[in-house]
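The exercises below are meant to be worked with the sequence and the model side by side. Try each task before reading its solution.

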Amino acid sequence: MSFTLATLKSTVQDYLQVNETTFNNNLNTFIQESENRIFKMVQLPEQRKNVQGTLSNANRFLATPADFYAPFSLAVIDGSNKYHYLDFKHPSFIKEYSPVTTTTAFPKYYSQFDDSAFEISPVPDSGYTVELHYLAKPTSLTAGSDSGTTLLSTEHPDPLLYGSLVEAAVFLKETPDVIANFEARFKEGISRMKNLSEGRGTRDEYRYDLLRTGVT
């Protein structure tokens, strides 16, 4: 099973037996809320990205990519192509470590200054090449055409569907048992996603045996 935007919308309508203007106008919102929940609960390998950029001499800021969500690592690449990984710090540490922003040196630390930029410390003394490994925001299914698809809609359709149904059922003020049933199916799908992307996707069978479930 997989969904396009159009088929996911019609499936939500069919499950809840609703085809009314106000409800239909909010279908994109239900889908987006479901995507946001999934994204915040599971890290998919496809969301990991690497990009290279350049620090500016005497400029303590480095812009983040448009789809940036969270950093994994930031490295400065020197003239010998050697990677020097910077330590991620709180902005207050950067301010204390480099109170004088006109003093430049080889970078050692970075922090997330705001949604659009990192702050580098010490302030770069040259235009170094950097490589950022980061968690990217996935593109919403609702951003494309009715026939469009995304990784979630083709590879993980169950949690996307049931997450959308949860949001739609809450909107309709359905009974708690109906909402709970959709939520349970959503969490089952999330569990399978985590088992694949954060379990099997982070180990190999040469070094580890089968995945184990914790017991109490």
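How many bridges join β7 to β8, and do they run parallel or antiparallel? There are 5 bridges between β7 and β8, and the two strands run antiparallel. This is a predicted model, in which local features need pLDDT of at least 70 and side-chain atom pairs count only at pLDDT 80 or more, while totals for chains, interfaces and linings use all residues. Residues are numbered from 1 along each chain as its sequence is written, and side-chain values use heavy atoms, with hydrogens and water left out.

**Exercise 1. Trace the sheet to which β7 and β8 belong.**

Step 1: Begin with the terms, since helices (H or I, at least four residues) and strands (E, at least two) are DSSP runs numbered from the N terminus, and two strands pair if DSSP finds at least two bridges between them.

Step 2: The edge strands, each pairing on one side only, are β2 (61–63) and β5 (87–88).

Step 3: Follow the pairs across the sheet. β2 and β8 (residues 117–121) run antiparallel and are joined by 3 bridges, with leucine 62 having phenylalanine 118 of β8 as its bridge partner. Tyrosine 109 stands opposite serine 121 in β8, and a hairpin through 2 residues joins β7 to β8. On the β5 side, 2 bridges join β5 to β7 (residues 109–114) and these strands run parallel; here phenylalanine 88 has tyrosine 110 of β7 as its bridge partner.

**Exercise 2. Describe helix α1 and the segment before it.**

Step 1: Compare the span with expectation. Helix α1 (residues 5–16) has 12 residues and reaches 17 Å from its first C-alpha to its last, close to the 16 Å expected at 1.5 Å a residue, where the expected span is 1.5 Å times one less than the number of residues.

Step 2: List the buried residues, buried meaning under 20% relative accessible area, exposed over 50% and partly exposed in between (1.4 Å probe, protein chains only). In α1 they are Leu5, Leu8, Lys9, Thr11, Val12, Gln13 and Leu16.

Step 3: Look at both ends. After α1 comes glutamine 17, with a positive phi near 55 degrees. Serine 2 lies in the segment before α1, and it counts as partly exposed because its relative accessibility is 46%. Leaving aside neighbours within four places in sequence, serine 2 is in contact (heavy atoms within 4.5 Å) with Thr7, Ser153, Thr154 and Pro157.

**Exercise 3. Is threonine 142 buried or exposed, and what does it touch?**

Step 1: Locate threonine 142 in the loop between β10 (129–136) and α5 (151–155).

Step 2: Classify threonine 142, which counts as buried because its relative accessibility is 15%.

Step 3: Collect its partners. Apart from neighbours within four places in sequence, threonine 142 is in contact with Leu5, Asn28, Ile31 and Gln32. Its side chain also makes a polar contact with the side chain of serine 140 at 2.7 Å; such a contact is a pair of N or O atoms within 3.5 Å, and within protein one must be able to donate a hydrogen and the other to accept it, with residues adjacent in sequence counting only if both atoms are side-chain atoms.
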